[in-house]
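Student: I am new to this structure and would be grateful for a close look at a single part of it. Please take the disulfide and its setting, and then the aromatic pairs.

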Amino acid sequence: QVQLVESGGGLVQAGDSLKLSCAASGRTFSDYAMGWFRQPPGQESEFVAAISWSGTNTYYVDSVKGRFTISRDNAANTVYLQMGSLKPEDTAVYYCAADLFRQRAFMTTYMIPSRYNYWGQGTQVTVSS
């Protein structure tokens with residue numbers, strides 16, 4: 001198993017940047033593909049970004065492409081979400097997630113929350129206009 005702890009959330013203004021971190025402990029971090037999801041107030045959880053085991057492959061929801069960057073440092077057991085040009089609609093609780101995907105399955109299901117078995121507690125990001 002793996003335990004996940006997010007950090008880095010906060011209150012920022014529109015146009016600002018913020019970097020979220022997700023620290024993992026437990027089983028070998030590089031065994032897990034990772035994802036970031038978010039849940040806006042009163043809405044369902046939505047996919048934000050995902051990254052493969054070595055970091056070679058990354059995926060984004062269209063609304064954050066060009067503004068957000070997902071990365072990972074396997075030596076530090078951490079995945080990051082660098083967020084730029086933040087908008088009020090980015091306001092949400094952000095969660096990191098992990099699972100032991102098979103490669104083919106990850107490529108087709110990285111955006112589905114139920115495919116991840118391990119989740120952090122979430123970190124609040126609030127963007128004011």
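Tutor: The answer below begins with the disulfide and then turns to the aromatic rings.

This is a predicted model, in which local features need pLDDT of at least 70 and side-chain atom pairs count only at pLDDT 80 or more, while totals for chains, interfaces and linings use all residues. Residues are numbered from 1 along each chain as its sequence is written, and side-chain values use heavy atoms, with hydrogens and water left out.

A search of the whole structure finds 1 disulfide, a term that here denotes a pair of cysteine sulfur atoms within 2.5 Å. In general, a disulfide is a covalent bond between the sulfur atoms of two cysteines. The partners are Cys 22 and Cys 96, with their sulfur atoms 1.9 Å apart. The link of Cys 22 and Cys 96 is right-handed, with 45° about the S-S bond. Because Cys 22 belongs to strand S3 (residues 18-26) and Cys 96 to strand S9 (residues 92-99), the pair ties together parts that are 74 residues apart in sequence. Strands (E, at least two residues) are DSSP runs, numbered from the N terminus. Cys 22 is buried, at a relative accessible area of 0%, and Cys 96 is likewise buried, at 0%. Buried means under 20% relative accessible area, exposed over 50%, and partly exposed in between (1.4 Å probe, protein chains only).

The aromatic rings come next. The whole structure holds 13 aromatic pairs. Rings of Phe, Tyr and Trp (its six-membered ring) pair if their centres lie within 6.5 Å; planes under 30 degrees apart count as stacked, over 60 as edge-to-face and the rest as tilted. One of the pairs is that of Tyr 32 and Tyr 118, which is edge-to-face at 5.9 Å centre to centre, with 90° between the planes. This pair links distant parts of the chain, 86 residues apart: Tyr 32 is in the loop between S3 and strand S4 (33-39), and Tyr 118 is in strand S10 (residues 118-119). Tyr 32 counts as buried, at 1% relative accessibility, whereas Tyr 118, at 21%, counts as partly exposed.

Phe 37 and Phe 47 form a pair whose ring centres are 5.7 Å apart and whose planes stand at 70°, so the pair is edge-to-face. Phe 37 lies in strand S4 and Phe 47 in strand S5 (residues 46-51), 10 residues apart. Phe 37 is buried at 0% relative accessibility, and Phe 47 is buried at 11%. Both belong to one aromatic cluster, whose members include Trp 53, Tyr 59 and Trp 119.

How values were computed: Helices (H or I, at least four residues) and strands (E, at least two) are DSSP runs, numbered from the N terminus.
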